[in-house]
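I am opening my notebook to look up two things today.

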Amino acid sequence: MSGVGASLEKLVLHGLTRLPAGAQRRLAGGGRIVVDGEELDPALQLVLAMRRWRGSHGLTAGTPERTRRKMRHESLIAVREPTPVAAVRDLTVDGAAGPLAARHYAPFGPGPRPLLVFFHGGGFVSGDIDGHDEPCRMLCRHAGVHVLSVAYRLAPEHPFPAGVDDAIAATDWAYAHAEELGADPERVAVGGDSAGASLATVVCLLAVRTAKRLPLAQVLIYPPTLHEHDWASRTSFAHGFLLTAEDIDFCYRHYTVGGVEPHDFRHSPLLAGDLSGLPPTLLVTAAFDPLRDEGEAYAEALAAAGTVVTVWRAHGMIHGFINMTALSRAARDAVIEIAGATRALLASAPVPAVQP
């Protein structure tokens, strides 16, 4: 799409999503959408309708490269004015097979703050640090923490477990360089959304199993946790709510193109079995997300294993809502609430003992 076309699309999108809720529903062509007792946010209802008018029904686009272009375009036109933070700096961090692009967000205020290593979503196939700039800014600003956003390698060029290996290496880099970033080196947490949240879970699981340094906490936003399972939410929200059943299969197929062992928890964290010893966790799901049930099942499994878990379902939200804060006031409020919960979690989490 040309620059003029993209600018016009952005202007229309932002204008219509500022209308009153009733007008948004009427423009979307229907009344209230209620599933499982949850009501879809009217602004997001309109966003979904506008995507259908353009002939866009899911997140993927036939090939990984076209999917990346599509997701980059949609994430950038969804942004209005970036949330201000104290400083933003692009840098590189160590990956498992070479340097990775990263972006550091510094919060306002004196004194060293915790550092959240953040892995972006995109189904392990797409997504980047530019497309997740605004969510990271909001977490930095409203949680009062440093955020290090990491661009791990993507499939199918770099299939499983490349992303896992990069996430581990980047977290190790963050431990070693937190003080240089102005953060508290004893309070380093991990987190992410969607595929990135899965990577964060695996960083913690492997830290426990290998007696490596354990992150202070994990912040997991609509994580995929078990692919090969008949989740009810996968059926209820298979179509019409941004992330489709075909999108999930597309991403998983490309992520695992190199082959996986069926019971390897690194691609499906719920297969881990023993979930004891993990750090305090904030786990957020979206009410209209096909990944909702597996995320909540992971939270239940963590709690059963003795992990301190705060689980919160974002009412009215769809998958990807953290990238839609300029389009939906409810999505913005939800991300601010996530940031507040993150602030509380990192302030209360005990500092893990460093293994000798």
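**Ground rules.** I am working with a predicted model, where local features need pLDDT of at least 70, side-chain atom pairs count only at pLDDT 80 or more, and totals for chains, interfaces and linings use all residues. Residues are numbered from 1 along each chain as its sequence is written, and side-chain values use heavy atoms, with hydrogens and water left out.

**Entry: aromatic pairs.** I searched the whole structure and found six aromatic pairs. For my own reference, rings of Phe, Tyr and Trp (its six-membered ring) pair if their centres lie within 6.5 Å; planes under 30 degrees apart are stacked, over 60 edge-to-face, and the rest tilted.

How are the rings of F160 and Y255 arranged? Their centres are 5.6 Å apart and their planes stand at 80°, so I noted the pair as edge-to-face. F160 sits in the loop between β6 (146-150) and α6 (162-177), while Y255 belongs to helix α9 (residues 245-255), 95 residues apart. Helices (H or I, at least four residues) and strands (E, at least two) are DSSP runs, numbered from the N terminus.

Are these two residues buried or exposed? F160 has 7% relative accessibility and counts as buried; Y255, at 2%, is buried as well. Buried means under 20% relative accessible area, exposed over 50%, and partly exposed in between (1.4 Å probe, protein chains only).

I also looked up F241 and F288, a tilted pair with 5.5 Å from centre to centre and 35° between the planes. F241 lies in the loop between α8 (232-236) and α9, and F288 in strand β9 (residues 281-288), so this pair ties together parts 47 residues apart in sequence. Both F241 and F288 are buried.

One more ring note: F124, F160 and Y255 make up one aromatic cluster.

**Entry: pockets.** My pocket search used a 1 Å grid over the protein atoms alone: a pocket is an open set of points where a 1.4 Å probe fits, with protein on both sides within 12 Å along at least five of seven lines, and lining residues have an atom within 4 Å of a point.

Which residues lie closest to the centre of the largest pocket? Of its 49 lining residues, they are L59, M71, G122, L242 and H319. α4 (64-77) is among the helices that supply at least two lining residues, and α4 gives the largest share, seven residues.

The second largest pocket has 19 lining residues, with R80, T325, A326, L327 and R332 nearest its centre. Here α5 (133-143) and α11 (329-348) each supply at least two.
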